[in-house]
Amino acid sequence: QGPLRIMNPEEYTRLDQIDREHWFYRGKRDIARYWMGRYLTLGPGDLVVDAGCGAGTMVAEISRQCRAVGLDDHQESIAAARGKLRGRPAWLVQAALDGIPLQDGCASGLLLLDVLEHLDRPEDALREAARVTRPGGLLIVTVPALRQLWSDWDVALHHRRRYHRRELLELVSQPALEVLHLSYINTAMLLPIAGVRLWRKLFPPSAGSPRAEDQIPLPLVNTLLHRSFVSPACWPWFRAPIGVSLLAVLRRR
């Protein structure tokens, strides 16, 4: 599907400024690591691929445990990630996700964290992700949920869609993949986020106004929001009926 403008260049700069500490981005990485660790024991010889690696924070964190590859098709992402990887067993590759330049079955785990919603043909990227994941390996997918939450935030990040559970289940139900867990997450913040986005629809902010999504809350609030996000998402028995995002844990057959 060729080069795809996933985000405006300035969005990578904003992400790089808050990615390490913000409750949402840190929480998303913690959730992915929990589910990866639940089904895999990763060692130095294993490879984990972060497909659509953003500012590269997850790649740097993974490389403390095993080998890591960060994939993204935009140089802004690669540039933001490069400074975090000095001296680590990690590599950055600029490539589109519908043509991943890695060998079949080379990865023990692969992450698609808030990536598929950007793509015109997400099924192609998912098939490529399955191809490079070894049998028994894990794929972790997160996407934004609920079309009713569509806002200027989705427009700024060049989203194509927000998913409902049934739609994500249909997408990930491919012959090569087994669905281990699929649920809404970030339920606690659904009403506050819906309220903020409705307010912005009714009263559009002026150009250049700071966005709530770009601000790190006060430390105590940030910690509480992080816990309310991560803990329910890591309960294997819990399937939230609704939430701001969706999580899918998949195993390569």
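Trainee: Which helix holds Val-132?
Mentor: The model is predicted: local features need pLDDT of at least 70, side-chain atom pairs count only at pLDDT 80 or more, and totals for chains, interfaces and linings use all residues. Residues are numbered from 1 along each chain as its sequence is written, and side-chain values use heavy atoms, without hydrogens and water. Helices (H or I, at least four residues) and strands (E, at least two) are DSSP runs, numbered from the N terminus. Residues 122-132 form the helix that holds Val-132, helix α5.

Trainee: Which residues does Val-132 contact, leaving aside neighbours within four places in sequence?
Mentor: Contact means heavy atoms within 4.5 Å. With those neighbours set aside, the partners of Val-132 are Ile-100, Leu-102, Gln-103, Asp-104, Gly-105, Cys-106, Ala-107 and Leu-110.

Trainee: How many residues are in the largest nonpolar core, and which have the most contacts inside it?
Mentor: A nonpolar core is a set of buried Ala, Val, Leu, Ile, Met, Phe, Trp, Tyr and Cys residues joined through side-chain atoms within 4.5 Å. The largest one has 78 residues, and the most contacts inside belong to Leu-112, Ile-140 and Leu-168.

Trainee: Which helix gives the most to this core?
Mentor: The top contributor spans residues 23-39 and supplies seven residues. Ile-140 touches, among others, Ala-32, Trp-35 and Met-36. The helix asked for is α2.

Trainee: Why does Lys-28 count as buried?
Mentor: Lys-28 is found in helix α2. Beyond four places in sequence, Lys-28 is in contact with Leu-113, Asp-114, Thr-142 and Phe-229. Lys-28 is classed as buried because its relative accessible area is 12%.

Trainee: How much space lies in the largest pocket?
Mentor: On a 1 Å grid over the protein atoms alone, a pocket is an open set of points where a 1.4 Å probe fits, with protein on both sides within 12 Å along at least five of seven lines; lining residues have an atom within 4 Å of a point. Points are joined across faces, edges and corners, and a volume is the space filled by probe spheres set on them. For the largest pocket this comes to about 890 Å³.

Trainee: Which lining residues lie nearest the centre of the largest pocket?
Mentor: Elements giving two or more residues to this lining are α1 (9-18), α2, α3 (57-62), β5 (133-144) and α8 (190-202). The lining has 49 residues, and nearest the centre lie Phe-24, Tyr-25, Lys-28, Asp-114 and Trp-153.

Trainee: Which element gives the largest share of the lining of the second largest pocket?
Mentor: About 260 Å³ of space lies in this pocket. α1 and α6 (152-156) each supply at least two lining residues. The largest share is three residues, from α1.

Trainee: Which backbone oxygen does the side chain of Ser-77 reach?
Mentor: Ser-77 sits in helix α4 (residues 75-82). A polar contact is a pair of N or O atoms within 3.5 Å; within protein, one must be able to donate a hydrogen and the other to accept it, and residues adjacent in sequence count only if both atoms are side-chain atoms. The backbone oxygen, reached at 2.5 Å, is that of Gly-54.

Technical notes: Buried < 20%, exposed > 50% of the residue type's maximum accessible area, 1.4 Å probe, protein only.
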